[in-house]
Amino acid sequence: MTRKSRRKTKPASVEGLPDDWRGKAKSLRRYGSETAALVLDLCAEDLETTIRERDETTLSLVEAARESGYSREHLGRLVRDGKIPNAGRLNAPRIARIHLPRKATPLAAPPLARDAPRRELSNRQIVQSIIQRGMEDGTHET
């Protein structure tokens with residue numbers, strides 16, 4: 001008889017956690033763990049409220065520029081052109097965080113790629129560098 005191993009999967013995003021927690025609560029209820037299920041449901045509700053409040057928070061153009069990577073002028077132009085809804089007043093525009101565009105940022109090279117020429121790296125060193133990078137940015141679990 002073989003035993004199936006359960007793989008731990010990460011939710012796609014923070015926004016996906018409430019649904020994930022509710023699914024786990026449903027499973028717990030099936031096995032009679034009502035108290036633990038209730039805790040997960042309450043946590044899911046709290047997180048949804050926090051996410052909604054975060055998304056509804058409005059930012060001045062200066063704050064939005066700092067957070068998005070775009071200039072204040074560019075964001076102001078997007079609001080004037082109607083590409084981003086104005087969450088403020090006519091001469092004092094604000095942008096809701098949920099509508100804030102984000103400038104793409106290039107990924108940093110793995111440590112060994114920055115430190116040594118490619119022709120001097122073994123396959124083992126390359127793999128170790130990639131694993132180290134994943135551990136630093138949280139994309140790899142041990």
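Reader: Does D55 count as buried or exposed, and why?
Author: Buried means under 20% relative accessible area, exposed over 50%, partly exposed in between (1.4 Å probe, protein chains only). D55 counts as buried because its relative accessibility is 16%. This is a predicted model: local features need pLDDT of at least 70, side-chain atom pairs count only at pLDDT 80 or more, and totals for chains, interfaces and linings use all residues. Residues are numbered from 1 along each chain as its sequence is written, and side-chain values use heavy atoms, with hydrogens and water left out.

Reader: What does D55 touch, not counting residues up to four places away in sequence?
Author: Contact means heavy atoms within 4.5 Å. On that count, D55 touches A96, R97 and I98.

Reader: Which residues of helix α3 are buried?
Author: Helices (H or I, at least four residues) are DSSP runs, numbered from the N terminus. In α3 (residues 61–68), L61, A64, A65 and S68 are buried. They lie on the same side of α3, because their arc around the axis is only 100 degrees. The arc is taken from the directions from the helix axis to the C-beta atoms.

Reader: How do α3 and α4 cross?
Author: Two packed helices are described by the angle between their axes and the distance between the axes. Axes are lines fitted to C-alpha atoms, for helices over the stretch in contact, and angles run from 0 to 180 degrees between N-to-C directions. The α3 and α4 axes come within 8 Å and cross at roughly 110 degrees. The two helices are therefore roughly perpendicular (65 to 115 degrees).

Reader: Which residues meet there?
Author: L61, V62, A64, A65 and S68 in α3 meet R72, L75 and G76 in α4.

Terms used
Parallel < 35°, antiparallel > 145°, perpendicular 65-115°, else oblique.
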